[in-house]
Amino acid sequence: MLQGTPGRVREYYDEHPISEAHVLAALAGQGQADSPTADDLFAFDQDHYGGLSAVDGLARRAGIGAASRVLDVCAGLGGPARFLASRRGSSVVALELHAGRAAGAARLNRLVKQTRVTVVRADAAALPFAEGAFDACLSQEALLHVADKPAVLGECHRVLVSGGRLAFTDWIAFPSLADRERQRLWEWMAATTLQTLEGYRRLLGRAGFTAIETEDLSGEWRAIVRRRLELHRALRPQGEARFGRRHYAEYDQLHAFFVRLIETGKLGGGRFTATR
Ligand SMILES: C[S@@+](CC[C@H](N)C(=O)[O-])C[C@H]1O[C@@H](n2cnc3c(N)ncnc32)[C@H](O)[C@@H]1O
């Protein structure tokens with residue numbers, strides 16, 4: 001039986017600013033609420049660092065084309081899945097555990113008439129697919145929420161064809177990240193556990209993958225996160241009006257803590273590619 005999203009992760013995404021309602025409100029604000037296309041959503045439905053070029057970078061590394069059967073693991077609102085389907089012509093299964101996000105992803109697909117994307121609500125650690133069902137598995141900024149990373153990687157290995165490709169990005173820890181900082185990351189952004197670059201390499205090897213490549217994206221992500229904090233501060237009046245003063249101040253403090261972790265080399269981003 002499908003277990004629900006673990007409590008803290010569920011709460012985090014229940015309150016997340018990137019939501020179906022946010023996407024619909026943004027479309028309405030731009031006068032695009034009637035018959036929008038997938039392209040109209042892309043500015044609002046991507047929940048990862050680096051926007052569409054980050055999805056494209058993973059797709060290139062995974063060799064995704066029109067004939068590819070792709071699994072997006074922890075797909076959120078399905079933004080990256082719709083991008084792959086509309087730009088590369090691939091068939092994509094968007095796998096998402098959070099009930100509200102999975103339902104929102106399916107409704108957004110229908111809204112833009114994206115028939116090449118199918119949403120499946122399931123846990124990344126127990127994939128409801130047959131062996132060899134996919135040519136590529138992708139994932140972005142999601143495995144931090146899953147405690148059993150060996151299970152997720154093992155499941156990706158099982159559902160890929162021989163020669164199939166896995167490409168994903170995630171938050172990574174560096175050795176100086178202290179336990180109390182990990183605890184705060186758990187409380188703030190539901191970071192259940194964080195791996196290191198080398199830790200992921202080992203886990204991928206143990207899951208049976210070959211041709212494993214790891215890339216440190218911390219420099220790129222540092223710049224993105226810093227810009228976001230600046231933007232957040234520039235929009236303070238609007239932020240306070242939308243979320244309330246207290247909530248805005250708390251978020252600002254946490255965001256600043258997060259930026260400091262990245263700037264002091266305790267936290268960063270990694271990209272991983274491997275072959276089944
Ligand atoms: C940062 S969002 C990324 C969404 C999407 N990859 C994107 O880039 O737009 C992480 C997503 O992982 C989902 N998630 C967390 N744990 C999961 C699990 N065990 N199985 C499936 N999805 C999960 C969350 O609900 C959330 O939607």
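**Walking through the model**

Author: Let's start with one residue. Leu185 lies in helix H8, which spans residues 179-189. Keep in mind that this is a predicted model.

Reader: Is Leu185 buried or exposed?

Author: Leu185 counts as buried, because its relative accessibility is 0%.

Reader: Which residues does Leu185 touch, leaving out those up to four places away in sequence?

Author: With those set aside, Leu185 touches Leu177, Ala190, Ala191, Leu194, Phe257, Phe258, Leu261 and Leu267.

Reader: Take Phe257. How many residues apart in sequence are Leu185 and Phe257?

Author: They are 72 residues apart in sequence. In space, the C-alpha atoms of Leu185 and Phe257 are 9.6 Å apart.

Reader: Now Gly104. Where is it?

Author: Gly104 sits in helix H6, residues 99-111.

Reader: And is Gly104 buried or exposed?

Author: Buried, because the relative accessible area of Gly104 is 0%. The C-alpha atoms of Gly104 and Val23 are separated by 9.9 Å. Along the chain, Gly104 and Val23 are 81 residues apart.

Reader: Zoom out. How many helices and strands does the protein have?

Author: Twelve helices and seven strands.

Reader: What about the radius of gyration?

Author: The protein has 18 Å. A compact globule with 276 residues would have a radius of gyration near 19 Å, so the value agrees with that.

Reader: And the box?

Author: The C-alpha atoms fill a box of roughly 55 × 50 × 35 Å, taken along the principal axes.

Reader: What share of the residues is buried?

Author: Buried residues make up 51% of the 276 residues.

Reader: Change of topic. How many disulfides?

Author: The count comes to zero disulfides, with a cut-off of 2.5 Å between cysteine sulfur atoms. Cys74 is in no disulfide; the nearest cysteine sulfur is that of Cys156, 8.6 Å away.

Reader: Is Cys74 buried, exposed or partly exposed?

Author: Cys74 counts as partly exposed, because its relative accessibility is 22%.

Reader: What about Cys156?

Author: Cys156 is in no disulfide either. The nearest cysteine sulfur to that of Cys156 belongs to Cys137, at 4.1 Å. Why no disulfide there? Because a disulfide needs the two sulfur atoms within 2.5 Å.

Reader: Buried or exposed, that Cys156?

Author: Cys156 is buried, with a relative accessible area of 2%.

Reader: Last topic, backbone angles. Which residue has a positive phi of about 45°?

Author: Ser35 does, although it is not a glycine.

Reader: Where is Ser35 found?

Author: Ser35 is in the loop between helix H2 (20-29) and helix H3 (38-41). Ser35 counts as exposed, because its relative accessibility is 62%.

Reader: And Ala211?

Author: Ala211 has a positive phi of about 50° and is not a glycine. Ala211 has its place in strand S6, residues 210-216.

Reader: Thanks, that covers my list.

Methods. Residues numbered from 1 in each chain as written. Predicted model: local features only at pLDDT ≥ 70, side-chain atom pairs only at ≥ 80, totals over all residues. Heavy atoms only, no water. Helix = DSSP H or I, 4+ residues; strand = E, 2+ residues; numbered from the N terminus. Rg over C-alpha atoms; globule rule 2.2 N^0.38 Å. Buried < 20%, exposed > 50% of the residue type's maximum accessible area, 1.4 Å probe, protein only. Contact = heavy atoms within 4.5 Å.
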